[in-house]
Amino acid sequence: MTQLIQNNLFHGLPNEDPYAHLATYIEICNTIRLAGVPEDAIRLSLFSFSQSGEAKSWLHSFKGNSLKTWDEVVEKFLKKYFPESKIAEGKAAISSFHQFPDESLREALERFRG
């Protein structure tokens with residue numbers, strides 16, 4: 001299991017997508033079922049294995065068990081690696097999107113999805 005998780009390492013680099021990392025990480029964790037162990041406990045205990053470099057250092061900066069819930073980890077992770085400035089930037093890009101004069105609707109839609 002750790003091998004699967006470590007094939008999806010998040011380093012904290014600007015070009016990495018924290019949402020995609022979490023989605024893949026959760027997908028991997030959802031394949032694990034342990035009797036009497038909540039899925040959030042599994043996610044919490046394995047999350048550090050999915051981090052490397054600066055991201056792992058950031059995660060370890062939280063002392064002891066200060067991150068007690070999976071939702072808290074996700075909130076802090078996204079706040080760190082997908083700050084409000086990126087959200088505003090994305091909203092601006094979406095709201096200013098337009099179809100070029102020589103571009104078909106299909107091409108514009110594909111570019112929008114990209």
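## Surface and charge

The protein chain exposes about 7900 Å², of which carbon and sulfur atoms supply 57%; accessible areas come from the Shrake-Rupley method with a 1.4 Å probe, and for residues only the protein chains shown count as cover. The model is predicted: local features need pLDDT of at least 70, side-chain atom pairs count only at pLDDT 80 or more, and totals for chains, interfaces and linings use all residues. Residues are numbered from 1 along each chain as its sequence is written, and side-chain values use heavy atoms, with hydrogens and water left out.

The protein chain carries 13 positive and 15 negative side chains, and the centres of these two sets lie 6 Å apart. Lys and Arg count as positive and Asp and Glu as negative, while His and the chain ends are not counted. The place of a charge is taken as NZ of Lys, CZ of Arg, CG of Asp or CD of Glu.

## Overall fold

Seven helices and zero strands make up the secondary structure of the protein chain, and the pattern along the sequence reads α-α-α-α-α-α-α. Helices (H or I, at least four residues) and strands (E, at least two) are DSSP runs, numbered from the N terminus.

The radius of gyration of the protein chain is 18 Å, whereas a compact globule of 114 residues would have a value near 13 Å. This radius is taken over C-alpha atoms, and the globule rule is 2.2 Å times the number of residues to the power 0.38. Along its principal axes, the C-alpha trace spans about 55 × 30 × 20 Å.

## Burial and contacts

Of the 114 residues in the protein chain, 25% are buried. Buried means under 20% relative accessible area, exposed over 50%, and partly exposed in between (1.4 Å probe, protein chains only). Among contacts between residues at least 6 apart in sequence, 54% join residues at least 24 apart; a contact means heavy atoms within 4.5 Å.

## Aromatic pairs

Rings of Phe, Tyr and Trp (its six-membered ring) pair if their centres lie within 6.5 Å; planes under 30 degrees apart count as stacked, over 60 as edge-to-face and the rest as tilted. By this rule the protein chain has 12 aromatic pairs. Phe47 and Phe77 form an edge-to-face pair, because their ring centres are 5.5 Å apart and their planes stand at 90°. This pair links distant parts of the chain: Phe47 belongs to the loop between helix 3 (39-46) and helix 4 (53-60), and Phe77 to helix 5 (residues 70-81), 30 residues apart. Phe47 counts as buried at 2% relative accessibility, and Phe77 counts as buried at 0%.

Phe77 also pairs with Tyr81; their ring centres are 5.4 Å apart with planes at 55°, so this pair is tilted. The two residues are four apart in helix 5 and are therefore separated by about one helical turn. One aromatic cluster is formed by Phe10, Tyr25, Phe47, Trp58, Phe62, Trp70, Phe77 and Tyr81.

## Tyr81 and its surroundings

Tyr81 lies in helix 5 and counts as buried, at 8% relative accessibility. Leaving aside residues up to four places away in sequence, Tyr81 touches Phe10, Gly12, Pro18, Glu54, Ala55, Trp58 and Lys86. The C-alpha atoms of Tyr81 and Val37 are separated by 29 Å, with the two residues 44 apart along the chain.

Ile87 is placed in helix 6 (residues 84-95) and is partly exposed, with a relative accessible area of 26%. The C-alpha atoms of Ile87 and Pro38, 49 residues apart along the chain, are 31 Å from each other.

Phe97 is found in the loop between helix 6 and helix 7 (105-113). Phe97 counts as partly exposed at 30% relative accessibility. Its contacts, not counting residues up to four places away in sequence, are Ala108, Arg111 and Phe112. Phe97 and Phe112 are 15 residues apart in sequence and 7.5 Å apart in space, C-alpha to C-alpha.
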